[in-house]
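Me: I am new to this structure and would like to go through it step by step. Could you take my questions as they come?

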Amino acid sequence: MQQIIYFLTKFRYFLLFLVLEIIALAFTIQYHSYHTSKFVNSANFITGGFYNKINSINEFFLLKTENKLLVEENVHLKNLLDKKEINYSYDSYKIIDSSKYFQKYEYSVAKVINNNFTKRNNTLTINKGANTGLTSDLGVINSTGVIGVIKSISSNFSTVLSILNDNSRINVRLKNRNHFGTLIWNGKTHTTTQLIDIPRQAVIKIGDTVITGGKSAIFPEGVNIGVIKDFRFENNQYQQINVLLFNDMSAIGYVQIVRNLQKSEQKKLEQNTANE
Amino acid sequence: MNNLTLSNSIRFIGLVLLQALVLNHINLFGYLNPFAYIIWIFLFPIRKSQSLFLIASFLLGLSVDFFSDSGGVNAAATLFIAFIRLPILKAILKKSDFDYLLFNLRALSIDKIFLYITTLTIIHHFIVFSLEYFSFSDFTTIISNTFFTSIFTILVSILGILLFVKKK
């Protein structure tokens with residue numbers, strides 16, 4: 001007994017060090033698995049509050065770019081509206097039948113208050129949380145492309161798993177063909193991501209546009225992502241396809257959060273099918 | 001005594017906020033961000049209780065982790081350099097000019113300060129990047145990141161210490 005106490009007093013600093021180090025490593029291992037990092041994140045009252053304050057100052061300097069993006073999107077949407085008009089103009093009357101309309105996706109707006117893009121695993125913090133009805137696993141996009149997926153939630157803030165993250169897997173397809181693939185990031189530069197799982201039958205060219213595929217229940221189909229920058233074709237396989245992002249991931253202001261209203265229905269059906 | 005506690009607490013909070021709000025967003029050459037919050041470890045007085053120092057440095061790393069969404073990466077690295085600080089100081093300073101009671105970094109010669117800061121910084125950065133990338137295939141990236149970020153951190157730390165720490 002005395003020897004144990006002697007041992008403990010002699011190595012007490014080392015034991016304290018060991019205990020704390022194990023706690024830190026446990027947090028690190030949690031952080032590397034997608035679903036369990038619940039404790040250490042910036043979606044809490046203190047860090048979120050600080051980022052919010054700083055962002056309200058920084059925001060002022062980004063008004064010009066933000067305005068430009070909005071104008072560009074407005075022009076794009078107006079063009080879409082005018083395309084529709086031609087079809088309708090032949091009708092002299094319109095029947096509005098509410099059973100013909102249904103809504104699959106619902107959008108809401110949020111502001112990015114912290115953004116990192118230089119690390120291996122990047123996240124963003126946004127200023128909306130559970131109080132405004134957000135949950136985890138909602139898609140986050142902006143007018144030029146995909147940003148990421150919501151990961152952790154607090155009452156007023158949420159963190160977003162950026163597409164520049166080791167854990168990020170986004171289902172995509174080529175705009176002009178229906179070949180599906182997966183978008184990952186190798187951690188090199190924040191302007192390019194990588195496309196994998198493209199079947200070798202697919203014919204791809206430099207400059208082809210990559211958009212989200214409709215396979216996942218998170219993003220709507222057809223959200224822009226980027227264009228193919230370069231690729232290698234070896235041993236009858238596509239080795240590395242680099243995708244140049246439309247989004248500048250280093251400067252992101254306002255984002256849109258996508259909620260799929262039919263997600264639970266789709267998930268339930270898929271689960272039932274898998275169980276049968 | 002009280003004065004020392006107060007100045008260390010203020011330095012703690014100040015460095016965490018400086019790291020989270022300014023240094024994490026520098027992105028020199030596109031990707032370099034110094035981890036200058038470890039200045040707190042360099043400057044902490046030696047005669048204080050060792051266990052308090054270990055717990056405080058763990059909390060220092062964890063606060064930075066909270067701000068930068070990085071799990072326990074900074075906490076693990078900061079705790080480690082806090083633990084090996086004393087042996088390294090002993091090795092650098094030899095017995096003769098090592099004064100437990102009046103440890104003041106500015107009182108040392110510049111080459112010894114440099115050696116002390118460089119050793120701890122490189123060890124800290126290597127742990128941070130290894131835990132962050134967490135795979136052997138990225139070994140070259142880890143080494144190059146450690147090297148370049150260390151240069152930046154050492155520069156910022158030494159300048160900060162020379163400018164803001166009083167020479168008694």
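The conversation below moves from the contact between the chains to a helix, a loop residue and a barrel.

Me: Before anything else, what kind of model is this?
Reply: This is a predicted model.

Me: Moving to chain B, how far does H4(B) reach?
Reply: H4(B) has 21 residues and spans 30 Å from its first C-alpha to its last, close to the 30 Å expected at 1.5 Å a residue.

Me: Where does H4(B) bend?
Reply: The bend is at Arg85(B) and amounts to about 45°, with a proline, Pro87(B), following within four residues. Arg85(B) is also one of the buried residues of H4(B), which include Phe80(B), Ile81(B) and Phe83(B).

Me: What covers those buried residues?
Reply: The cover includes H2 of chain A, together with helix H2 (39-43), helix H3 (50-68) and H5 of chain B.

Me: What follows H4(B)?
Reply: H4(B) is followed by Lys94(B), which has a positive phi, near 60°.

Me: Where is Leu105(B) placed?
Reply: Leu105(B) sits in the loop between helix H4 (73-93) and helix H5 (110-133) of chain B.

Me: Why does Leu105(B) count as partly exposed?
Reply: Leu105(B) is partly exposed because it has 18 other C-beta atoms within 10 Å, whereas a buried residue needs 20 or more and an exposed one has 12 or fewer.

Me: What does Leu105(B) touch?
Reply: Not counting residues up to four places away in sequence, Leu105(B) touches Phe42(B), Leu43(B), Ile113(B), Ile161(B) and Val165(B). Leu105(B) and Tyr116(B) are eleven residues apart in sequence, and their C-alpha atoms are 9.8 Å apart.

Me: Back to chain A. In what order do the strands of its closed barrel run?
Reply: The six strands of the closed barrel run E1-E2-E5-E4-E3-E12, with antiparallel pairing. From one strand to the next, the twist averages 45°.

Me: What holds paired strands together?
Reply: Strands of a sheet pair through backbone hydrogen bonds, either parallel or antiparallel.

Me: How many bridges join E3(A) to E4(A)?
Reply: Four bridges join strand E3 (residues 139-142) of chain A to E4(A). A hairpin also links E3(A) to E4(A) through two residues, and Asn142(A) has Gly145(A) as its bridge partner in E4(A).

Me: And how many bridges join E3(A) to E12(A)?
Reply: Three bridges join E3(A) to strand E12 (residues 254-260) of chain A. In E12(A), Gln256(A) is the bridge partner of Ile141(A).

Me: One last point: where does H3(A) lie?
Reply: H3(A) lies across strand E1 (105-115) and E2 of chain A, running at about 85° to E1(A).

Definitions and conventions: Residues are numbered from 1 along each chain as its sequence is written. Chains are lettered from A and ligands numbered from 1 in the order in which they are written. This is a predicted model: local features need pLDDT of at least 70, side-chain atom pairs count only at pLDDT 80 or more; totals for chains, interfaces and linings use all residues. Two residues are in contact if their C-beta atoms, placed from the backbone, lie within 7 Å. The expected span of a helix is 1.5 Å times one less than its number of residues. The bend at a residue is the angle between axes fitted to the seven residues ending there and the seven starting there. Two strands pair if DSSP finds at least two bridges between them. Axes are lines fitted to C-alpha atoms, for helices over the stretch in contact, and angles run from 0 to 180 degrees between N-to-C directions.
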